[in-house]
Amino acid sequence: MAAMKYLITFSLLILATTLEAGGDATVRVGLYHASSLTRILLMMVGAAMLFCYGLTLNLAPVDWGRLIGAYVATFFLIAQIINLVAFRTPPSLPIIVGGLFILTGGAIITLWQR
């Protein structure tokens with residue numbers, strides 16, 4: 001039963017972070033790389049994705065404080081992947097080093113037994 005809870009939580013985290021980072025990227029493309037009608041459509045799609053991220057994240061069946069630790073770490077990873085794929089920008093050394101701190105902090109918050 002516990003394994004199913006973790007699988008559901010992990011799946012929701014991946015979906016929520018993909019929706020948030022993808023929604024942010026969609027809005028960014030609309031702001032800086034689109035004509036007027038396309039800009040409006042991209043902004044609307046981005047807004048819908050951001051709403052769905054909030055809904056999806058809050059469906060996870062775990063303590064909010066621990067969830068946020070895992071979420072921030074997962075968001076960092078997914079956002080860097082989207083940045084690389086969508087904007088062709090690889091992470092710089094400061095982003096990698098800072099990201100290691102984010103991942104470490106997320107692991108501490110999520111896994112440290114109380």
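Val97 sits in helix H4, which spans residues 93–111. In this predicted model, Val97 comes out as partly exposed, since its relative accessible area is 39%, a value that lies between the 20% and 50% cut-offs. Val97 also belongs to a nonpolar surface patch, together with Leu93, Ile96, Leu100 and Phe101. Taken together, the five side chains of that patch put about 530 Å² of accessible area on show.

Moving inside, the largest nonpolar core has eight residues: Leu12, Leu13, Ala16, Leu57, Ala60, Leu67, Ala70 and Tyr71. Helix H1 (2–32) and helix H3 (64–87) are the elements that each supply two or more of them. There is also a second, separate core, this one of five residues, with Ala21, Ala25, Ile78 and Ile82 among them.

Once neighbours within four places in sequence are set aside, Leu13 is in contact with Leu57, Leu67, Ala70 and Tyr71, plus Thr74.

Thr56, for its part, is a residue of helix H2 (residues 36–57). Beyond residues up to four places away in sequence, Thr56 touches Leu12, Leu15, Ala16 and Leu19. Two of these, Leu12 and Ala16, are also members of the largest nonpolar core.

As for aromatic side chains, a search of the whole structure turns up two ring pairs. Tyr53, Tyr71 and Phe75 are linked into a cluster by such pairs, and Tyr71 is again one of the residues of the largest core.

Definitions and conventions:
Residues are numbered from 1 along each chain as its sequence is written. This is a predicted model: local features need pLDDT of at least 70, side-chain atom pairs count only at pLDDT 80 or more; totals for chains, interfaces and linings use all residues. Side-chain values use heavy atoms; hydrogens and water are left out. Patches are made of residues with over 30% relative accessible area and no salt bridge: like charges are joined within 9 Å, nonpolar side chains (Val, Leu, Ile, Met, Phe, Trp, Tyr) within 5 Å. Accessible areas come from the Shrake-Rupley method with a 1.4 Å probe; for residues, only the protein chains shown count as cover. A salt bridge is a side-chain nitrogen of Lys or Arg within 4 Å of a carboxyl oxygen of Asp or Glu. Helices (H or I, at least four residues) and strands (E, at least two) are DSSP runs, numbered from the N terminus. Buried means under 20% relative accessible area, exposed over 50%, partly exposed in between (1.4 Å probe, protein chains only). Rings of Phe, Tyr and Trp (its six-membered ring) pair if their centres lie within 6.5 Å; planes under 30 degrees apart count as stacked, over 60 as edge-to-face and the rest as tilted. A nonpolar core is a set of buried Ala, Val, Leu, Ile, Met, Phe, Trp, Tyr and Cys residues joined through side-chain atoms within 4.5 Å. Contact means heavy atoms within 4.5 Å.
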